[in-house]
Amino acid sequence: MFKKILIANRGEIACRVIKTARKMGIKTVAIYSDADANALHVKMADEAVHIGPAPANQSYIVIDKVMDAIQKTGAEAVHPGYGFLSENSKFAEALEAAGVAFIGPPVGAIEAMGDKITSKKIAQEADVSTVPGYMGLIEDADEAVKISGEIGYPVMIKASAGGGGKGMRIAWSDDEAREGFQSSKNEAASSFGDDRIFIEKFVTQPRHIEIQVLCDAHGNGIYLGERECSIQRRNQKVIEEAPSPFLDVKTRKAMGEQAVALAQAVGYTSAGTVEFIVDGDKNFYFLEMNTRLQVEHPVTELITGVDLVEQMIRVANGEKLQLKQGDVKLNGWAMESRLYAEDPYRGFLPSIGRLTRYRPPAEVSKKSVVVRNDTGVFEGGEISMYYDPMIAKLCTWGPDRESAIENMRVALDSFEVEGIGHNLPFCSAVMDHPKFVSGDITTAFIEEEYPDGFEGVTLERETLERIASAVAAMHRLAEIRRARISGTMDNHRRKVGKDWIVALQGEEFRVKIKADKEGATVKHKKGPKHRVTSDWTPGDSLAELKVDGDPLVLKVDKITQGFRIRSRGADLKVHVRTPRQTELARLMPQKIAPDTSKLLLCPMPGLIVKVDVEVGQEVQEGQALCTVEAMKMENILRAERKGVVSNINASAGDNLAVDEVIMEFE
């Protein structure tokens, strides 16, 4: 077995590989850029080597720099993680020439299946049903428009060497095809060092289901069930689960056998994933093969008990698979929520900054619940603009899908993140969405269910009532503590009252609190009474309560006369006042937000790539105004309405902060 391996990656996947290597008694080497000098993966590894400036194309994807780190440390093998050099055949060739083992497939398999154009041709030759498209390379935007028209809109414009949603655009018209081609090409060059683009038909209303395969160098290959990855935003997966709520045993077997046959046809070894799109009649079509470990691999590990990273290392060491297909059993259900540094209230745009609070839920492994969090950050660490916005993968397991979802709900509510915009509220909203709960989902779920973007969650009255009861009991504790600290409880000069009015989400609940040593009974004037118990202490940022015996987890911040409460995707200002205070509060004027309708504000910290308009130019609704790049993604900002540009405050090459004014309109 290898004594030392180098991880040619960063962040949570580097940390994930280090954990398994440590379990196997293998020493690890981390590599890091200027931006990652204090990163978690650097702290966790046995050794660390600096490889260059922050941009990935000057550090993590520069093969010579990685090879130099290997030579300096004497690493015998390299695990590439995903992204960066994981599907780069030149990197695999360099390792082979240096006598260093690649913990992944052979060069030939990477070239055959890692390239989306080549893999589709091989699949067609093997009589595998594929999505219609143009497999040749596309030279320029005019050719992209011509080909798109021939295929028929909508089309998917994709980077041949792409992955993780990078270099992908859906186009519904000639204009969108022209714009999408250039943006995809730019993103592909920035992320992968390869700007080749191809186009295929975009199949509407599909499910994205993938098969995990595992092959050794001795002719053995198995599949480890499937993963449902249909909850996507901008072609980037957000929620994954295993198994799929849609597949039956027959379809699973057919997809699995086809995936293994395809892998073995190109001499594939190691872990890999064959992706399919599946229609409503369970017809499936080969989409692509990812010749690497997938981001969502933990859900497969949770339902099979197989450590995929360990198997990759053993296969790279020349060992035979100890598992046969008949040994693979799917046990229970697993969910994964990807925590992204993206603000769902601002169109999921990237958010960078320092994590002033980062408290994941405790990892547990019990008979009825598993909570796992693969992460690469820590409290006080900084989220950089240079890399992918995913900072953690929160996973839960349960004996069935319903329990896995419920375990995820509690885990999401218990996850504390402050300092950056993040998508935890959105993940919570998905877990409670009726379509998701029923399993009735497609890759169009987000755009269909949130057509105007995510604007938070409106809670049902029953849930509001439970939260109001809990917060009333919490407020009483806070008031008692405040009174004792100030000394006003001496000689009973001030008593904390029993009657309160709780206002949240535009509703008011009149309650009376009767407390005892074990908790409090909260009686609603026009409704039932609720029993609230917890060990919450005023000042704690997380409250784990029980209301009538059922768990309720709240994130808590103090505000005047109440709390800011976050739960189940909702962000609420909850005011708890006496009846007299409530009367006075109703007389207070409402603060009016400033008018920014004539300004184009930068929606995220980022680099201005180009400005598409000039001062004095009339623009139409939907017209491109400028392009901002952040976290390896290009974002085109468009006019919300017709107008005339009166001033432009930024130009290409400028780095802007959130809400800086880019341009003004008459």
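I started at Ser-351, which sits in the loop between strand 17 (349-350) and strand 18 (353-354); strands here are DSSP runs of E with at least two residues, helices are runs of H or I with at least four, and both are numbered from the N terminus. A note to myself before going on: this is a predicted model, where local features need pLDDT of at least 70, side-chain atom pairs count only at pLDDT 80 or more, and totals for chains, interfaces and linings use all residues. Residues are numbered from 1 along each chain as its sequence is written, and side-chain values use heavy atoms, with hydrogens and water left out.

**Ser-351, continued.** Is Ser-351 buried or exposed? I found it buried, because its relative accessible area is 12% (buried means under 20%, exposed over 50%, partly exposed in between, with a 1.4 Å probe and protein chains only). Its side chain reaches the backbone nitrogen of Gly-421 at 2.8 Å. Leaving aside neighbours within four places in sequence, I listed its contacts (heavy atoms within 4.5 Å), among them Ile-383, Ile-420 and Met-631.

**Glu-508.** Next I went to Glu-508 in strand 26 (residues 507-515). I put Glu-508 down as partly exposed because its relative accessibility is 38%. Which side chain does Glu-508 join in a polar contact? I found Arg-586, at 2.5 Å (a polar contact is a pair of N or O atoms within 3.5 Å; within protein, one must be able to donate a hydrogen and the other to accept it, and residues adjacent in sequence count only if both atoms are side-chain atoms). Glu-508 also touches Thr-582, a residue 74 places away in sequence and 9.8 Å away in space, C-alpha to C-alpha.

Strand 30 (residues 550-559) pairs with strand 31 (residues 562-567) over five bridges (pairing takes at least two DSSP bridges). Lys-558 stands opposite Phe-563 there.

**Strand 2.** Last, I looked at strand 2 (residues 27-33), where six of seven residues are buried.
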